[in-house]
Amino acid sequence: MSDHVGMDSVRIRPLTPDDLPGAERASAVTFLEADRLSRRWDEPEPEPPDAAASRRWIDTIGYLLSVDPGGCWVAEDSGTIVGFAISQNRGRVWYLATYGVLPGQQGKGIGRRLMDAALAHADGRPGLFSATTHPAATRRYRLAGFTLHPQMRMVGRVDRSTLPAISGLRQGRPEDLEWMDQLDVRLRGAGHGPDHLHMLEGLRLVVSDASGRRGYVYIDHDRDRPALLAAADIATAETLLWEALASTRDQTLVNCITTANHWAVDVGLAARLDLAQEGYLALRGMAEPTPYLASGHYL
Ligand SMILES: CC(C)(COP(=O)(O)OP(=O)(O)OC[C@H]1O[C@@H](n2cnc3c(N)ncnc32)[C@H](O)[C@@H]1OP(=O)(O)O)[C@@H](O)C(=O)NCCC(=O)NCCS
């Protein structure tokens, strides 16, 4: 326990639905500052989330709270939310959807207390999450026993002359979720379960269901990017990523590419996207999922 002045007034407690607006504001301030600090010379000045992004955050975190409230924690100081750790158990796997402490309150041990609460809920399960490069974050994660796997991302506008002919895919349906969960179990130890239904509400699902060549990709049309991709084999993963890229119209982003997923780098390069580094996939008790591109929130 830290002996920093002021620590005693900070209480770690479960998140409630009433906290969501305050937690969203804490998240907006925390990640705007973190994005400013980590901004590279060729990137635009980070902007605070707009009303739609704030609504999405509240919707997503409210959904996670409704499914597994025991993994959702906040730090409160005199009625103000100053930190949050939103984690979930799905079967035998734990994931961390988001985690932050207000800039003025960082480095005082609040993050460690939040992480301890979230990890107690994990109860020793294997776990995964997508991590920033923030020095306090990476320090916290490694000390909590996670292995940090560097991630890449591909950004830019797809050169449409590079798009291949695509066949063997179709629109996904709720009936597909059962085999999709089984594929998830093979790749990352547990199915996404209810997260699939939640993603289906806002994202387009495209699947390959041929025997031995199963796979799926969620495409976020609002943000012009693939959101989560899993496949039984690399050729299917490549086809699904091409389909996602073909449906983008503007600047796109392929995120969470670990070194075991260079097939995605090859597709991105072929589409004339640019390659950059982007944080880590933090893993405990599991190998890098592949062929797989994790979702930032649902992993
Ligand atoms: C990551 C985060 C939640 C940790 O919360 P926190 O309250 O700062 O964490 P703690 O104070 O408990 O622990 C941070 C550790 O890093 C150290 N640290 C803090 N700030 C640091 C910095 N700028 N550089 C290097 N080390 C730092 C602290 O000394 C502490 O280590 P120690 O316990 O061994 O002394 C918080 O820093 C944060 O919100 N960062 C920005 C957003 C972000 O990147 N979130 C993670 C998303 S995956």
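Q: Which atom of the ligand is 2.8 Å from a polar backbone atom of arginine 112?
A: In this predicted model, the atom at 2.8 Å from a polar backbone atom of arginine 112 is an oxygen atom of the ligand.

Q: How many residues surround the ligand, and which are the closest?
A: There are 23 residues around the ligand, and the closest are Val101, Gly111, Arg112, Thr132 and Arg139.

Q: What about lysine 108, how far is its backbone N or O atom from an oxygen atom of the ligand?
A: For lysine 108, a backbone N or O atom lies 3.2 Å from an oxygen atom of the ligand.

Q: And arginine 140, what kind of atom lies 2.9 Å from an oxygen atom of the ligand there?
A: In arginine 140 the atom at 2.9 Å from a ligand oxygen is a polar side-chain atom, whereas in arginine 112 the atom at 2.8 Å is a polar backbone atom.

Q: OK, switching to helices: at what angle do H2 and H6 pack?
A: Helix H2, which covers residues 51-67, packs against helix H6, residues 194-202, at an angle of about 155°, and their axes are 11 Å apart.

Q: Why are they called roughly antiparallel?
A: Angles over 145 degrees count as roughly antiparallel, and the angle here is about 155°, so H2 and H6 are roughly antiparallel to each other.

Q: Which residues meet in that pair?
A: From H2 the residues are Asp59, Thr60, Tyr63, Leu64 and Val67, and they meet Pro194, Asp195 and His198 of H6. Sorted by class, the residues of this contact are four nonpolar, two polar and two charged.

Q: Where does H5 come in, and how does it pack with H6?
A: Helix H5, made of residues 177-188, packs with H6 at an angle of about 120°, with the two axes 10 Å apart, and the two helices are therefore oblique to each other. The crossing in which H5 passes H6 is right-handed.

Q: Which residues of H5 and H6 touch?
A: Leu177, Met180, Asp181 and Asp184 of H5 meet His196, Leu197 and Leu200 of H6, and this contact has four nonpolar, one polar and two charged residues.

Q: What about H7 and H8, how far apart are their axes?
A: The axes of helix H7, residues 234-246, and helix H8, residues 262-270, are 10 Å apart, and the helices pack at an angle of about 40°.

Q: Which residues make that contact?
A: On the H7 side they are Ile234, Ala237, Glu238, Leu241, Trp242 and Leu245, which meet Trp263, Ala264, Val267 and Ala270 in H8. By class, nine of the residues in this contact are nonpolar, none is polar and one is charged.

Q: New topic: is the peptide bond from threonine 290 to proline 291 cis or trans?
A: That bond, from threonine 290 to proline 291, is cis, with omega near -5°, and proline 291 sits in the loop between strand S12 (274-284) and strand S13 (292-293). As background, most peptide bonds are trans.

Q: Last one, is phi of aspartate 123 positive or negative, and where is that residue?
A: Phi of aspartate 123 is near 55°, which is a positive value in a residue other than glycine. Aspartate 123 is found in the loop that links helix H3 (110-122) and strand S5 (127-131).

Technical notes
Residues are numbered from 1 along each chain as its sequence is written. This is a predicted model: local features need pLDDT of at least 70, side-chain atom pairs count only at pLDDT 80 or more; totals for chains, interfaces and linings use all residues. Side-chain values use heavy atoms; hydrogens and water are left out. Axes are lines fitted to C-alpha atoms, for helices over the stretch in contact, and angles run from 0 to 180 degrees between N-to-C directions. Helices (H or I, at least four residues) and strands (E, at least two) are DSSP runs, numbered from the N terminus. Angles under 35 degrees count as roughly parallel, over 145 as roughly antiparallel, 65 to 115 as roughly perpendicular and the rest as oblique. Contact means heavy atoms within 4.5 Å. Ala, Val, Leu, Ile, Met, Phe, Trp, Tyr, Cys and Pro count as nonpolar, Asp, Glu, Lys and Arg as charged, and the others, Gly among them, as polar. A residue is near a molecule or strand if one of its heavy atoms lies within 4 Å of it. A polar contact is a pair of N or O atoms within 3.5 Å; within protein, one must be able to donate a hydrogen and the other to accept it, and residues adjacent in sequence count only if both atoms are side-chain atoms. A crossing is left-handed if the near helix is turned anticlockwise from the far one by less than a right angle, and right-handed if clockwise.
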